[in-house]
Amino acid sequence: MNDPELLQAWATRRDEPAFAEIVRRHLGLVYGSALRQVREPVLAQEVAQAVFLVLADKAGSLGDGVVLSGWLFRTTRFVAARALRAERRRTHHEQQAAAMQRIDLDTPSSSATDRWGEVGPHLDAALAALPATDRNAVLLRFFEKQPLRAVGDRLGVGEEAAKKRVSRAVEKLRAFLAGKGVVLTAAGLLALLTEMPSSAAPAGLADRIADTVGTGSAGPAATELAKGAARDWFTARLLDVAPRFAAALVILMAGGVWWAAPTSSVGDHVAAASTAGTVAPSSAPTSAASTVLPPPAQVGPSRILLNVRSAEDNRPLVAQGMAVFWSPRDATRRTEFITDTNGLIEVAVAGPKPSAVDVWISSPGHVPVTLRWKRHEFVEPVLLHTCRLQRGQTLQGLVQDEAGRPVAEARVQFNSPGMDLGERENIAFRDRFSSVVTDAAGHFRSDQLPALLGSHTMSYTVSHPDFVRGGGDLSSPATLATNHLVVLRRGLTVKGRVVGPDDASVGE
């Protein structure tokens, strides 16, 4: 049977051999992705178990058109992100510092024989940045080892179209990796993906996972991860299909509504599993996800200690930024800051605990980012985070009026390429820190643009009080290498008066 038939057999009649076959087919993809992200074999097994727990609950809601490889990859991203956050909350200060030092080993190697060691740590983030169809094509072709004809059949296109889609997707991956400092030719990346080293799951893991799902005997750590991933999926689906409701959704999340509400996204077999024993090896460390956190009101204020460094050479960066404290009841609070010469800044979370904290960080010559902490994460006096900023790409151009005269003091503002809810950091341009102004000759220049992918297109807007807004699109690396010319049309003057119901003037 194919994947949809196996899922249907499990969803309708709880056919355990059918689900075991699904686990057998896709465990390599899930475990390999988890291992690349969490880098601990025992924790990767726990992540894989949680992924299939989510699949067991959601099997009935997945349509025939869903590419299971892509769905499992995205779910693994959700679960791994939660697992890493839980581990960081669990460890002490020294253990966190040691973990950050181990992550530093991802710095690209200069050895030509260790190319996979450079690509592997960034591969899952690159795949997540692809459009869904491109990502599914890569997963089927290189991770599931499917021939092009089978890839085309699963995507609903012909073999030749599948070949072109895979080639375009590989080129987008290559551009993403170049932005991380990993420079490869398209042919070189294609060869690496084709000969990708196997991340074989431990012997017996597939049988243990299938037995866990069938008997409802998952441990509390994997169960909590599965519940959290189910909530992440719900959030992602709402944002995918209803972007006009995204603002309201963020407010609800920031208000702690989901934290306080009982979890019902994962089915009865997952809820029952929370009281049963774990199938993980006895040497596995206890995850913080199995610990019930106290209600937010019982936890005191926290501080966020940020360490801003360059991703290329790990040197400290002097950066400016802003912290925004969101609250559903009180007025939103803002505070601006500048790091010291060691790249350090402490953001105090004083007063009533906020629903969420957003922190924008910007440093000249580097891509600006935003970071988010939610209410339930303020469980320790100090939250540590090292933010490594990528080297920015340059964009420059000229702003003129219709007569060819330069327009001085025009403001050039950049949008953001999109958000990944599974990541702590996201690229974000804030006008306060990242916009630029044209000089007397009408020239503008920014050195903070990220490497561009087809799925991460950007644009910019040029505004001036005397002119109609203009701008341009940034859809590929080639657009960053172009000198842009923006011609602004002089605007018409509009005058008026704003009044209230009593015909009194309303200011501001």
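Buried means under 20% relative accessible area, exposed over 50% and partly exposed in between, with a 1.4 Å probe and protein chains only. By that scale, Asn314 is partly exposed because its relative accessibility is 28%.

This is a predicted model: local features need pLDDT of at least 70, side-chain atom pairs count only at pLDDT 80 or more, and totals for chains, interfaces and linings use all residues. Residues are numbered from 1 along each chain as its sequence is written, and side-chain values use heavy atoms, with hydrogens and water left out.

Helices (H or I, at least four residues) and strands (E, at least two) are DSSP runs, numbered from the N terminus. Asn314 sits in the loop between strand 1 and strand 2. Asn314 is not a glycine, yet its phi is positive, about 65°.

Leu317 belongs to the loop between strand 1 and strand 2 (320-326). Leu317 counts as buried because its relative accessibility is 3%. Contact means heavy atoms within 4.5 Å. Not counting residues up to four places away in sequence, Leu317 touches Val308, Arg309, Ser310, Thr339, Asp340, Gly343, Ser363, His366 and Leu389. The C-alpha atoms of Leu317 and Thr339 are separated by 7.9 Å, and these residues are 22 apart along the chain.

Asp503 also has a positive phi, near 70°, and is a residue other than glycine. Asp503 lies in the segment after strand 15.

## Helix 8 and its cover

Helix 8 spans residues 148-155, and its buried residues are Leu148, Val151, Gly152 and Leu155. Seen down the helix axis, these buried residues fall within an arc of 95°, so they line one face of helix 8. The arc is that of the directions from the helix axis to the C-beta atoms. Arg149 and Asp153 are exposed, on the face turned away from the buried side. Helix 7 (132-143) and helix 9 (159-179) are among the elements that cover the buried residues. Gly156 follows helix 8 and has a positive phi, near 80°.

Axes are lines fitted to C-alpha atoms, for helices over the stretch in contact, and angles run from 0 to 180 degrees between N-to-C directions. The axes of helix 7 and helix 8 come within 10 Å and cross at roughly 145°. The crossing of helix 7 and helix 8 is right-handed. A crossing is right-handed if the near helix is turned clockwise from the far one by less than a right angle, and left-handed if anticlockwise. Helix 7 makes the contact with Thr133, Asn136, Ala137, Leu140 and Arg141, and helix 8 with Leu148, Val151, Arg154 and Leu155. These residues divide into 5 nonpolar, 2 polar and 2 charged. Ala, Val, Leu, Ile, Met, Phe, Trp, Tyr, Cys and Pro count as nonpolar, Asp, Glu, Lys and Arg as charged, and the others, Gly among them, as polar.

## Sheets and strand pairs

Two strands pair if DSSP finds at least two bridges between them.

Another open sheet of 3 strands has the order 12-8-15, and its pairing is mixed. Its edge strands are strand 12 (443-449) and strand 15 (483-488), each pairing on one side only. The twist averages 30° from one strand to the next.

| Pair | Sense | Bridges |
|---|---|---|
| Strand 1 (302-310) and strand 7 | parallel | 8 bridges |
| Strand 5 (356-362) and strand 6 (369-374) | antiparallel | 6 bridges |
| Strand 6 and strand 10 (425-427) | antiparallel | 3 bridges |
| Strand 8 (393-401) and strand 12 | antiparallel | 5 bridges |

Ile304 has Leu383 of strand 7 as its bridge partner. Ala356 is partnered by Lys374 in strand 6. Leu371 stands opposite Glu425 in strand 10. For Leu398, the bridge partner in strand 12 is His443.

Strand 5 and strand 6 form a hairpin with 6 residues between them. Gly365, in the turn, has a positive phi of about 80°.
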